[in-house]
Amino acid sequence: MAVELCLLLLVFCGSTISEVQPIYKPPPGTLDFGFVPAKTYDTGAYHEPGPIGILFKIVHAYLYLVQPNSFPQDLVRKLAQQKFGNAQGDYQKPENVVLTLQAIYYEIGFIVSAALGFVFILLLPLVGLCFCMCRCCDNCGGEMHQRQKKNADCQRSCFATFLFVASLIIRQVVGVLCAYAANQHLTNQVRGAKKLVNSNFKDLKIFLNDTPAQIDYLVSQYNTTKDKALSDLNNVGPLLGSRVQEQLGKEVRPALDAALTMAGAIRETKEALENVSVSVEVLQEGTERLHANLTDVKTHLSNTLNDSACSATQAASTCNIIRNSLNQLNINANFSGLPGVTSQLARVNDVLKIDLSSLVQKGYAAFNDTPDLVVNQTRNILSDIKNVLESIGSNITTFAKTLPVQKILADLTIYLTQSEAYVQDYFPVVEQYDFYRWLGCLILCCMVVLILIFYCLGLLCGTCGYDKHASPTTRGCISNTGGNFLMAGVGFSFLFSWVLMTVVVLTFVTGGNVEKLVCEPFEDKTLFKVLDTPYLLNQHWKNYLSGILFKNPNINLTFENVYSDCKENKGIYTSLHLEHLFNINEFLNISMYTEDVALKIEHIQINLSKIILLDEIGKENLLNFSSSGIEGINFAAYLTEINKSVTKVDLLSFANDLEARADQLPKGALENALKGHANNIRMIHNQQVIPLEQAMSTLNQSIRLLKRTSSELMVKVKNVISAVNAAQLLINNNASLVIVQETKKYMDTIVGYFEQYIEWVKESIAMEVAACKPIANVIDTAVDIFLCSYITDSVNTFWFGLGGSSIFLIPAIIFAVKLSKYYRRMDTEDVYDDSVEQW
């Protein structure tokens, strides 16, 4: 029933998923599809036995001593593949003999142990029968006569101690309690198994009920892809238009920047020419005035030096020095001969009548309108693409609805419900039979307990009623009763021993082999490797599982991989390779969804020929500027005069020197007159020379600016016009290549959203949808928990305890027979006899 349920479930899951491909790395703009809805499974396929686990480990250690060999994979394979016929000769074939010997060698520990058990079963009742017959003939201790010995008390104490230790302590603790604990543990686990079974059924229902919701979630997440694609389509201007603009801008913007820079150069040239014209006029007028003032100063100084005071001996030398320096009071730079720049300024003013900057800004504005042009020219195509996206969503929804999900789920749910009802109905029967088993095991334990009771009463009565002063014939009733109890224990030991040992041997062989051949190889997955052996379960199929599921035994599908994947809670698709059962590439094929979108995007035609970067008027304006004549200015003449000082001598230095020499003259009118001339020279420097120097600085800056601007002006202007023409040519003729490239990138971005969706669907189906942990839990529950932990460990612990009790029956019988002689009332006695007692 469980197998059929799994197969139906596999078929269903196979019809809703596709093959897994390598995870696609999406372009920038990764979509967030969220998490596939999934509930947590309740079943914890792990059993903790509690304190009795110590006994389980002891039993496992004992089984390792009995059977230390590892799981015989090759032997099991050969035995499973070997066909033994009915003919007598089949068993005598060499290969069969070898296999038989190998099996015997592997099972030698169990065989020897079982053989010893059978010897025990056969011999102990026979020995008991012979012992009874021997005692009936007054032999073997049957004669009611006890010979007195000096060490009688010592022997009695030793026999009592050995019987107490061997029979009571060891057998009770190791045997009866161990067997009873295992028996009760199994019953408790069976009673509690209903909860675990219900938990597994609950997980299977969650597994079924969540699968369609997960599939619906995958389908619904197409809206995330569609919304993102629609968002990019609605923003085609900023996305596609800006990309085209960015690529074209690598040539367009430098050309427009150069033209705008040239427009600024024209304005700077005009300002420089105006500064030159004004500065030259100021310098010409200023130098004429300065020349006249310096001439007056020289005349007045000459008159002063011609005074009679200069004829004196003390002043003559100083006056001569001053008189010789008067020639330095003259202008040095002559600006009257510099050519004017009126004609150049007039031409530049004519050029500036056309606002070149405004024309360039219009070019910028036209180029910056590229995104709007893209939006206007793609409006109809984008509408068609949106319709295609809507139709794709409808097709996906329609395809998902065509899958027989609900019908399969309904059938599986009914089957699962019936299975659960079946288990629930028969669970009381299981509990009832378990009660019978528990009662039978309890009776076996009671057999041992009954023997223990007789031995215990015998020791108690014998020890308490024993009187060392009484002779064997005069022993008390209590002591005699103790001896009788011991002999009753011996009798029941002979009666029950073969029953106990029979149960021990059967459970030992069964439970021990289940532990070694099923539980241990299941734990380390060796059992799955055996089941995965080619042609093992079916001589015509290489892989049995794929042969059952897909009718194709050549598909590499193994029990071990399926169990491991389900154990890791992977999707059932990944675990069972269900792409071989149902192929829905037509649903998850990327080209199916992107072909129409790609075709629509590829037909996008964008015409940017309406963009005019710089019209002919602007270009002509640039050419007029290049022919304005500023390169014809005699910059050398200007720079020659500018590099000169205004006067031949620094007037401040001259005035300071004149005042210093006046101080060398005698006090009087001559000294005061010279100092007055010095102050006059200082005033001329401050009022005339300093303004002239400032005008010369302005003229120097303007002339040098004009010189830089005029340097290869025609070449610069032609380069600007050529760059603008090249950019305009790129827009008019070669923009289509850029548009195609950027349109392809834009298309790849849109298509990338679909690829992300498809790859997310595939990954989700592989790892999250229909996670098959409940199937692994069912296997673990059935094998690891029920069979191994509940049943096998309990059974093995039970035979271990019961077997220990049965083995200790032998020394208990010996010591009890020996000890009873000292407790029972004898018919005859000896006063003292040192000979050896025979029985």
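1. A cavity, on a 1 Å grid over the protein atoms alone, is a set of points where a 1.4 Å probe fits but cannot get out. Grid points are joined across faces, edges and corners, and a volume is the space filled by probe spheres set on the points. The model here is predicted: local features need pLDDT of at least 70, side-chain atom pairs count only at pLDDT 80 or more, and totals for chains, interfaces and linings use all residues. Residues are numbered from 1 along each chain as its sequence is written, and side-chain values use heavy atoms, with hydrogens and water left out.

2. Searching the whole structure turns up two cavities of 30 Å³ or more. The second largest cavity holds about 60 Å³ of space.

3. Now to the helices (DSSP runs of H or I, at least four residues, numbered from the N terminus). H23 (residues 635–642) packs on H25 (residues 669–710) at about 150°, with the axes 10 Å apart; axes are lines fitted to C-alpha atoms over the stretch in contact, and angles run from 0 to 180 degrees between N-to-C directions. H23 is therefore roughly antiparallel to H25 (the term covers angles over 145 degrees).

4. H2 (residues 53–66) meets H27 (residues 773–807) at an angle of about 75°, and their axes are 9 Å apart. That makes H2 roughly perpendicular to H27 (65 to 115 degrees). From H2 the contact includes Phe56 and His60; from H27, Asp793 and Trp799. The contact counts eight nonpolar, five polar and one charged residue.

5. H27 also packs with H15 (residues 477–523), at about 145° and with axes 8 Å apart. Their contact has 18 nonpolar, seven polar and four charged residues.

Methods
1 Å grid on protein atoms, 1.4 Å probe; cavity = no way out; pocket = protein on both sides within 12 Å on 5 of 7 lines; lining within 4 Å. Helix = DSSP H or I, 4+ residues; strand = E, 2+ residues; numbered from the N terminus. Parallel < 35°, antiparallel > 145°, perpendicular 65-115°, else oblique. Contact = heavy atoms within 4.5 Å. Nonpolar A, V, L, I, M, F, W, Y, C, P; charged D, E, K, R; others polar.
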